[in-house]
Amino acid sequence: MNRTSVRVFLSRAAGGYMFLATMLALMLLLVIASGLFVKAYPILKQSSLWSLLTGAVWAPIRGFFGFLPFISGTLWVTGIAIVLALPVSLLTGIYLSEYAPSSVRKIAFSALDILSGIPPVVYGAWGVLVVVPFIAEWVAPYFVEYSSGYSVLSAGIVLGIMIIPLLVSLFGEVFSTVPKEIRDSALSLGATSWQTTKKVVLKSSLPGIFAATVLAISRALGETIAVLMVCGNVVQIPASLLDAGYPLPALIANNYGEMASLPGYEAALMLAALILLGIVIVFNTLSRILLLRIGRKYALQP
Amino acid sequence: MIATSLSSVLLREEVSAPLELLHAPNMDAATLKVRNLNVHIGEQSILRDVHVHIPSHKITCIIGPSGCGKSTLLKTFNRLLETQPGARITGELLLNGENIYREGVEVIDVRKRMGLLSQRPCPLPMSVYENIAFGCRLHGTRGRRKVMRKVVHYLQATGLWDEVRDRLHTPASRLSIGQQQRLCLARGLAVEPEIILADEATSALDPISSRIIEDLFLRLRQQYTIIMVTHTLSQAVRIADHVIFMYLGRVVEEGPASEVLHHPKHKLTQEYLSGSFS
Ligand SMILES: Nc1ncnc2c1ncn2[C@@H]1O[C@H](COP(=O)(O)OP(=O)(O)OP(=O)(O)O)[C@@H](O)[C@H]1O
Ligand SMILES: [Mg+2]
C-alpha cells in the first residue's frame, strides 16, 4: 500500500470507530430504558399507561398507583427553578462577558466553578436552614393562613440557585464564541454596547443560549437530594407555589429501601424512573426540533 | 414580502437615477489632525509619535508593509482600539479641531462620524437587508420606506444590488467574501459618516468590482474625506490625493500623492515603492 491509501484507510477506520462509539452510547440509553421497562412491566400489565400517568391517587397498599402528583411536582419545581434562574443567569452572563473588566470576569468564573462543585446536599441543608424558614415566616403569611415553608417554591428557589452557576458558565462560554470582530463591526456603526449586545451578541448566541437552558433544565429535572429536603414530600398535586410537592426523583429516593414489601411497588418505582427518563427525552427532542427552527429562521450560521 | 415588493418599486424609480448621496451635501468635509499619537498594546509599542494631517475632500492612502500599524491607526481614529484589552493610547486626534479623545466626547458619536470599514469583511448575523438597515436605524432613519430607500441606494452604489436583489432577506453570511466586502462598505456608507476609513476595502474584489469601488470613492470625495489603506500601489496611484507611508509603527513620509509616490524623499519609501524592500 502506498502512503495515500494508508491514510485513506486510517481515516475510514477512524470514522467507523467513532460511529461504533456513538452507537454504543445510544445503545446504553436503550439498555437502561428497556431494563426499566422490564421491571416496570408488572404494573403496566395491570393498568394502562394513560391511567397511571393521569391518576391522582397514590395508595400502594390498596394498589392505586397514580403518578400525576409526582409528575406535576417535578414540573412545578423545575419550572419555578428555571423561571427564577434564567433571567439572573442571562444578565450575569452578559455582564461578565460584555461589561466586566477581565479581572472581575476571571474571579467570577472561578467562583462559579466552585459553586457548581458544591454537593447538592449542602444546598439542601442551606435550603432547610434559610429558605424554608424565610418562606414560612416572610412570604407565606401574606398569602395563606399557614405554611410550613416546605413547598415547591422553596424547592424551586434552592434548585434555581443550584443551576445558576451552571447556566452562567454555559452562557459565558456561548458569548465567548461570538467573535470580537462582529462586536467591532456593530460598534463601528455607532451602536452602543447595549445595542451591540442585544442585536448582535444575543442574537447570534440564541441557539447556544437555548441549548444551555435545555441542558440546565434536564439537569434540574433529575436533581434529587436538595429538592427532596425542602419540597415537603406530600403526595398531592400542588395548586400553588406554597403547597408542598413530591417530585419523581424524591419518590424514587425516599422509597427505594422498601421496594420489595408491597406487590407492585417495585414496579411502580421503576415506572417512576422510566417516566422521568421519558420526560427528559421528550423535552430534549422537542427542544432539538425547536432549536432547528430557530437556527433556520435566523440562519445564524451558514 | 412587503419589503421585497417595495424594493422592486424603488428599483424602477431609481435604476437610472444618478448616484448621489442621500444626505445633504456637506461642503466642508472634515479634516483630521493627529498629534503625537502613541499606541501600546500590553508592553508592545505599536504606533510611535505619529503626526499626520488628513486634508478634507481628498483621498488619503496609507501604504506600508504588513504589520506596520495601518489598521491600528485607523482603529484609533474611530476609537475602536480602546475596546482592545491592554490598549493604551496617548496623544491628540483633532477632528475639525476638536480632540476626540477629550474627556466628555461621546464615543458613539465619534464612531458614527468616522465610518470604519474593517479589513476583514464581517457581516452582522442578520439578513443582507438588515445589515444595512441596522446602521440606518441606529442613527434615526425611521419608517420602512425610508430605510428601504437607503438600503437600495447604497447597494447600488457599491455595485452589489444586481447580485443580491433577489435575496435581500437571506442571511448575509451566505454571500461570497467579495460580496460581503461590498456589503460592509454599503453598510458603512449608509451610516453617512464624515470621514470614511477604509481598510483594504477592495482586497477581496476582482479588478472590475475594485474599479467600481474606486470610482465610488472618487465621487464620494466631493462630500467626504476618505482615508484608505491599500497594498495595491497601482490603486494608490489611481486614486490617492495624499499619501502616508508607514514603517514599523512610524509615519516615514507624508505628502501629496504626486510627491510621495513619484518623487519620494525618504530612502525607505523609495525602496518600498520600487519593490526592493528587504
Ligand atoms: N491585539 C494585539 N495585541 C498585540 N499586538 C497587536 C495587536 N493587534 C495588532 N498588533 C500588532 O500591531 C502591529 C500592527 O498591526 P496592524 O494590524 O495595524 O498592521 P497592518 O499595517 O494593518 O498590517 P496588514 O497590512 O497586514 O493588515 C503588528 O505588529 C501586530 O502584531
Ligand atoms: Mg491591516
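Here is a walk through the two ligand sites of this structure. It's a predicted model, where local features need pLDDT of at least 70, side-chain atom pairs count only at pLDDT 80 or more, and totals for chains, interfaces and linings use all residues. Residues are numbered from 1 along each chain, chains are lettered from A and ligands numbered from 1 in the order written, and side-chain values use heavy atoms, leaving out hydrogens and water.

Let's start with ligand 1. It has 14 residues around it, and S66(B), S71(B), T72(B), Q119(B) and H231(B) are the closest (to count, a residue needs a heavy atom within 4 Å). By class, that shell holds 3 nonpolar, 9 polar and 2 charged residues, with Gly counted as polar and Cys as nonpolar. Helix α2(B) gives the largest share, 3 residues (helices are DSSP runs of H or I, at least four residues, and strands are E runs of at least two).

Now for the polar contacts, which are pairs of N or O atoms within 3.5 Å. The side chain of Q44(B) has an N or O atom 3.4 Å from a nitrogen of ligand 1.

Next comes ligand 2, a magnesium ion. S71(B), through OG, and Q119(B), through OE1, coordinate this ion at 1.9 to 2.2 Å (donors are N, O and S atoms within 2.8 Å of the metal, or 3.2 Å for Na, K and Ca; with water absent, sites may look incomplete). This pair links distant parts of the chain: S71(B) is in α2, Q119(B) is in the loop between β6 and α4, and they're 48 residues apart.

Key
A polar contact is a pair of N or O atoms within 3.5 Å; within protein, one must be able to donate a hydrogen and the other to accept it, and residues adjacent in sequence count only if both atoms are side-chain atoms.
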